[in-house]
Amino acid sequence: MRGAAAPDGWCYIAAMKTHSNPAARRAFLKFLAASPYVASLGGVAAFLGESNFSRAIAEETVLLSSPAEALTVFDFEETARNNVMAGHWAYVASGVDGDATLRANRDGYKDVQLRPRRLRDATKVDMHVDFFGTTYNSPVFLCPTGGERSIHADGELGVAGAARARNTLQVLSTSTSTDVEDVNKALGRPVWYQLYAPSSFEKCAQMLRRVEASGVSVITLTVDNTTGRFSESYLRNRPKDIKQCGACHNGDPGDREFPMLRGIDMKGVRRQDPAMDWAYVDRIRAFWKGKFMIKGIDTREDARLCLEHGLDGIMVSNHGGRSTETGRATIEALPEVVAEVGDRIPVFVDGGVRRGTDVFKALALGAKGVGIGRPFLWGLGAFGQPGVDRVLEIMQAELKLAMGNCGTRTVADINRAYVATPHWKT
């Protein structure tokens, strides 16, 4: 809900309070469900509050009964919200500070326009891509998200099952609720491993030895959240009584088991090192023999340093609007990073991706791979593995349609000529 849209929306609510119009109410609920602002507040129900109006229209909220009913990834959101514990949902839906960056990620795609070319055979579209020697069905990948079993019992194994079925790249979080060895087995190949580097390099090395032994050959170090964050909307929207969390969190809602730290003595060690610098990166580069990427790069200056320090790839990311309240969309940061590194190393991007056309726009602006986070969590929360599978099916189908309509047969054919950004200042 951008700019003047919010007052119009509230007028719509006022009108529906005085006029009984079921069709209009259902249409407005769909409008709310598609809003990133509403998502940042915890979903439609949280946005509307506990008014008589919200209780009345809640009865008309249609939840999905099967993944096949979903037409877009947005359709999974309210079903997931209905299924997932309130505290967990508040965490997934939140950003930081005033959620400006969370909203910017989504809104950024609205300022990128498509420039389709016509009269090209759309029956020959091929979405396959190669990332570091492995071929995937499409450039869409699954971002690392922690504790997926808190969203659904299928957790990371269900996500892996869907990724395997759709031949999709899965990136596993250090904060996974399932061991990397088990996820690799479910996926049928090694995941990429997202690394939170602890304040002790010795402990970091222990973790990396285990990851390497599991077969992982690509790691991506997250650098955008080392000093913590102020999750305002999460703190406002989580349940006020959190005693129920004790059974899973040992009495402390902020405490949970991290399987990837099992067997590592973390006494006196921070899970993320606020003092981490390029020297730490150099130590990882010297230690790790596989492909090494950094996740959280948003400027040309840091992109240049990635090249100087021997990185194999970059993920342009702001943690889904959950790290620093920059107010800047990742899709806007992407072009300067791509321009700096050229074709020397691949650049990936995530944040705000909800449509196949979003994926196409990111590819046109230079991304090699495009990650989704909340959409597959919505599918997971709604139906477990079948929900994730349907989200991937939708995203891949939408991308194929966009490629065909724009006249690009392969992902390599998509370039800057296929988009316009008239509203961007640079």
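A: Strands β5 and β6 (residues 192–195) run parallel and are joined by two bridges. Strands pair if DSSP finds at least two bridges between them. Helices (H or I, at least four residues) and strands (E, at least two) are DSSP runs, numbered from the N terminus.

Q: Which residue in β6 is the bridge partner of valine 171?

A: Tryptophan 192. Right-handed here means that, with the strands pointing away from the viewer, the path from the first strand over the helix to the second runs clockwise.

Q: Before going on, what sort of model is it, and how are residues numbered?

A: The model is predicted: local features need pLDDT of at least 70, side-chain atom pairs count only at pLDDT 80 or more, and totals for chains, interfaces and linings use all residues. Residues are numbered from 1 along each chain as its sequence is written, and side-chain values use heavy atoms, with hydrogens and water left out.

Q: OK, what does β4 pair with?

A: Strand β4 (residues 140–142) pairs with β5 in the parallel sense, over two bridges. Phenylalanine 141 stands opposite leucine 169 in β5. The chain gets from β4 to β5 through helix α9 (residues 155–165), and this β-α-β crossover is right-handed.

Q: Are the faces of β5 covered or open?

A: Both are covered. Leu169 and Val171 lie on one side, Gln170 and Leu172 on the other, and all are buried. Buried means under 20% relative accessible area, exposed over 50%, partly exposed in between (1.4 Å probe, protein chains only).

Q: New topic. How many disulfides are there?

A: Zero, searching the whole structure. The test is a pair of cysteine sulfur atoms within 2.5 Å.

Q: Cysteine 143 and cysteine 306: buried or exposed?

A: Cysteine 143 counts as buried because its relative accessibility is 7%. Cysteine 306 is buried too, at 0%.

Q: And where is aspartate 312?

A: In the loop between α15 (300–308) and β9 (313–316). Aspartate 312 counts as buried because its relative accessibility is 19%.

Q: What does its side chain make a polar contact with?

A: The side chain of arginine 285, at 2.8 Å. A polar contact is a pair of N or O atoms within 3.5 Å; within protein, one must be able to donate a hydrogen and the other to accept it, and residues adjacent in sequence count only if both atoms are side-chain atoms.
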